[in-house]
Amino acid sequence: MADHDRPGSPEATALLAEREHLRALLRLMPVGVYIVDARGRLLESNPMAETIWGGPLPQVELEGYGIYEGYWPGSSRRLEPHEWALARTLRDGQPVVNEEVEIVAFDGARRTVLHSTTALKDTRGTIVGAVAVKVDITTRRQAEHAEAFLTEATRLLVESLDWESTLQAVARLATRELADFCIIDVVGDDGELHRLVAAAREPAHQELMAKALRFPPKVDGEGPLARVFREGRPLLDTDISPETLARMARSPEHLWTMEEMRPRSGMAVPLLVGARRVGVINFILATPGRHYTERELKYAEELARRVAFVVEHARLYREAQRALRARDTTLALLESFLAASPVGMAFLDRELRYVLVNPVLAAMNGKPREEHLGQRAREVVPELEEMEGLLRGVMEQGSPQTLLDYMVPARPGSPPHPVQCSFFPVKVEGETLGVGATVMDISERKKVEEGLRFLAEATPRLSASLDLRTTLESTARVVAEHMADYCLVDMRSEDGRSLERVAAVARRPGTQPRLEESLQLVPAPHPNSPIWRVLESGRARLIAEVTDEMLEDSGFDANYRAALKLLRPRSVMMAPLIARERTLGVLTVVSQEPARRYTERDLAFVEELAWRAALAADNARLYHQAEQAVEARDEFVAIATHELRTPLSALSLQLTALQRSVDAGRMPTEEKLRQSLVTARRQTERLEQLVKHLLDVSRISTGRLELEPEEVDLTELVHRLVMRFEEKLAEAGCTPMVRAPAPVVAKVDRLRVEQVMMNLLSNAMKYASGQPVELHVEREQEMAVLGVRDHGPGISPEAQARIFERYQRASGRHSRESLGLGLYVSRQIARAHGGELKVESTPGQGSHFILRVPLG
């Protein structure tokens with residue numbers, strides 16, 4: 001040890017004296033100062049430094065500086081040990097001057113300080129330590145932030161009249177400068193507090209704020225916020241306790257919402273304008289170490305005063321706006337009503353000058369609205385001069401005049417048209433200010449009335465005849481007389497594949513010959529054909545204006561297009577003729593006049609007429625069918641009588657002959673007796689077959705044709721049938737040929753299938769006698785197929801569908817030998833099995849009847 005370092009030496013004594021002198025100076029300094037060695041360990045500090053840090057400074061080296069909690073201003077990032085100003089100065093020797101840092105002291109207080117550090121070096125320039133100076137600027141920064149906050153809040157409050165969005169902006173500003181949460185409640189028109197704003201500093205808390213909006217304080221409640229509002233005095237709660245939250249909670253969910261905020265300190269300030277209370281603003285701190293003081297409360301009160309002024313100003317502005325809107329709305333409604341009114345409307349003052357005129361009336365008068373205002377009625381429309389006396393009488397006598405009909409003179413571009421007028425006095429508090437007028441164009445109504453008269457006149461004419469063509473020609477003639485230059489009626493064929501033009505009537509005699517020519521040019525089916533579109537869709541169609549392009553794209557052939565061009569259609573309506581949900585045809589109405597364009601209203605009348613015409617046509621068709629049915633019935637009765645009488649007569653003759661022989665004692669020979677019995681048996685079988693067919697028809701008509709299915713080998717059934725008919729086939733000269741190489745088993749009614757095959761085989765023997773008959777049985781997938789082919793005269797295509805109907809018989813010499821029921825019953829039996837009976841035939845080449853039934 002050197003002599004000058006020994007205790008008691010003059011040098012040591014002087015050093016101790018200097019140190020005590022330094023300590024004395026440090027205690028007097030108003031800033032925090034501490035001195036550390038080269039490793040960052042504390043050598044000296046003054047009381048202010050300990051006050052700033054909230055307690056004695058720890059003896060740690062640089063690596064242990066993490067014990068200090070500090071944050072960069074405006075940031076939530078904590079300083080690392082090596083980022084502290086002392087650590088940096090000891091590392092690189094550079095001084096730090098007035099570096100701002102937010103610290104959390106050891107006692108939990110949050111402060112803003114200015115750091116300044118400088119290195120201590122020996123004579124050789126080696127860093128042996130450092131000195132740090134800390135200045136607590138918390139109060140100054142808070143004052144600066146508060147002033148800036150109030151300035152910015154004032155700017156936000158005064159720059160917009162949209163006070164709801166303004167309060168949102170102020171609350172967000174408060175969460176940046178004064179609070180972690182800011183909630184604003186404002187009194188509504190109902191006298192209750194309504195939570196308008198709930199803002200949070202952290203974006204992650206916004207969902208929590210959305211829940212907080214649901215719990216405004218009750219004016220008559222017991223919570224702190226309700227008391228602040230009622231008493232008009234602010235509340236400062238430096239340390240919010242769980243008991244305080246419980247008193248404020250209105251429900252468990254409300255309590256949970258407040259607990260999630262983790263409030264530590266709060267301020268609630270009433271929003272006052274004089275003695276008027278308009279709401280409450282609530283500030284909440286949730287940051288550890290921060291607590292509100294009286295100083296922050298003063299700033300909050302100043303902000304509340306400004307917010308209250310804006311809320312009250314906004315209320316007054318809103319009320320003024322409501323009054324203005326009410327006035328403007330009334331005027332706008334009046335203007336809108338006049339503008340949108342489908343009738344002409346006007347108001348004339350006491351001098352009968354126009355004050356208000358709507359566009360409809362201006363258009364009726366043929367002059368702009370501006371040329372009406374200030375003018376007398378007769379000055380605008382000279383033809384109304386005689387009406388002024390009536391208007392004067394309405395104003396002076398106070399009695400309205402309604403539903404007066406006038407004819408408006410023709411104007412450029414519009415023909416004369418009828419109108420209906422009403423005039424009434426306009427009074428306010430008993431004083432007559434003028435006359436109001438309404439003018440309604442009744443042209444459409446007149447047309448509707450004409451249309452109704454047209455339908456009323458047309459209906460009896462449509463019902464005057466029960467002949468289908470006469471009815472449709474009457475329809476076309478009625479339309480041509482009242483609303484068309486010519487009218488066409490096209491009817492669908494029975495198979496639905498073609499059209500037949502059954503009526504074509506023109507209003508002008510010169511057009512009729514061309515229409516007669518068009519009777520042979522009915523449009524063929526085509527997807528672009530407008531007639532076929534109407535026919536297939538069942539919906540009427542309006543072609544207001546026919547163009548050449550439409551004719552080219554219509555799908556008509558060249559001849560039909562040429563005929564159409566000669567007929568010069570300009571506007572067309574097509575309506576379907578629908579009766580009992582069936583589209584029978586199409587009614588086409590055509591205008592040749594360029595000035596006449598059909599409208600939807602015209603189409604509605606045509607649809608109504610088409611419906612009535614279709615009903616009349618369907619009645620005529622049904623009447624014709626009824627006549628045919630009566631004829632068929634009479635013919636059937638005659639045929640049935642004949643068919644039943646023939647075997648009965650033969651049977652009666654045979655029995656009478658036998659009876660006479662027995663009575664005369666002349667017993668017939670065995671051969672004679674056998675022949676008589678064979679004849680009687682055949683006639684009995686024929687009677688039995690006729691009766692059976694009639695019974696089957698009755699069962700089919702009433703839905704009582706029942707089947708008794710069983711497993712049947714159809715191949716065996718056909719072979720047995722041929723064996724049973726062997727004698728009859730021989731008599732008819734028909735050689736049977738059976739093609740059934742393998743068994744075909746199906747679950748069918750044996751007797752019914754046998755009945756079908758017997759009918760087919762009997763027909764083959766009857767219509768193709770002397771020719772071979774071919775029978776076949778085979779299997780096609782899940783179907784059994786049985787067929788009978790003859791080599792007779794065949795069946796025409798027109799008769800192939802008809803022969804399966806009741807009481808229908810083939811033509812020829814055998815037409816009177818049948819009731820026309822065999823094939824009808826046979827097809828119904830096939831369909832009852834889930835199968836079908838069809839025929840394939842070419843005239844002169846025989847017929848092939850095919851029965852298909854399911855195997856299962």
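Which residues in H22 meet which residues in H24? Let's start there and then look at two other spots.

## Before we dig in

This is a predicted model, where local features need pLDDT of at least 70, side-chain atom pairs count only at pLDDT 80 or more, and totals for chains, interfaces and linings use all residues. Residues are numbered from 1 along each chain as its sequence is written, and side-chain values use heavy atoms, with hydrogens and water left out.

## Two helices that cross

Helices (H or I, at least four residues) and strands (E, at least two) are DSSP runs, numbered from the N terminus. Helix H22 covers residues 714-724 and helix H24 covers residues 750-767; they pack at an angle of about 50°, with their axes 11 Å apart. Axes here are lines fitted to C-alpha atoms, for helices over the stretch in contact, and angles run from 0 to 180 degrees between N-to-C directions. That angle makes H22 oblique to H24. Oblique is what remains once you take out angles under 35 degrees (roughly parallel), over 145 (roughly antiparallel) and 65 to 115 (roughly perpendicular).

Now for the opening question: Leu714, Leu717, Val718, Leu721 and Arg724 in H22 meet Arg750, Val753, Glu754, Met757, Met758 and Leu761 in H24. Contact means heavy atoms within 4.5 Å. By class, the contact of H22 with H24 has eight nonpolar, no polar and three charged residues. Ala, Val, Leu, Ile, Met, Phe, Trp, Tyr, Cys and Pro count as nonpolar, Asp, Glu, Lys and Arg as charged, and the others, Gly among them, as polar.

## A group of rings

The structure holds seven aromatic pairs. Rings of Phe, Tyr and Trp (its six-membered ring) pair if their centres lie within 6.5 Å; planes under 30 degrees apart are stacked, over 60 edge-to-face and the rest tilted. Tyrosine 65 and tyrosine 68 are an edge-to-face pair, 5.7 Å centre to centre with 85° between the planes. Tyrosine 68 also pairs edge-to-face with tryptophan 84, at 6.0 Å and 65°.

Tyrosine 68 sits in the loop between helix H2 (47-53) and strand E3 (69-71), and tryptophan 84 in the loop between E3 and helix H3 (85-92), so their pair ties together parts 16 residues apart in sequence. Trp53, Tyr65, Tyr68, Trp84 and Phe106 form one aromatic cluster.

## An exposed arginine

Arginine 580 lies in the loop between strand E20 (571-579) and strand E21 (582-591). At 54% relative accessibility, arginine 580 counts as exposed. Leaving aside residues up to four places away in sequence, arginine 580 touches Asp618, Arg621 and Leu622.

Note on methods. Buried < 20%, exposed > 50% of the residue type's maximum accessible area, 1.4 Å probe, protein only.
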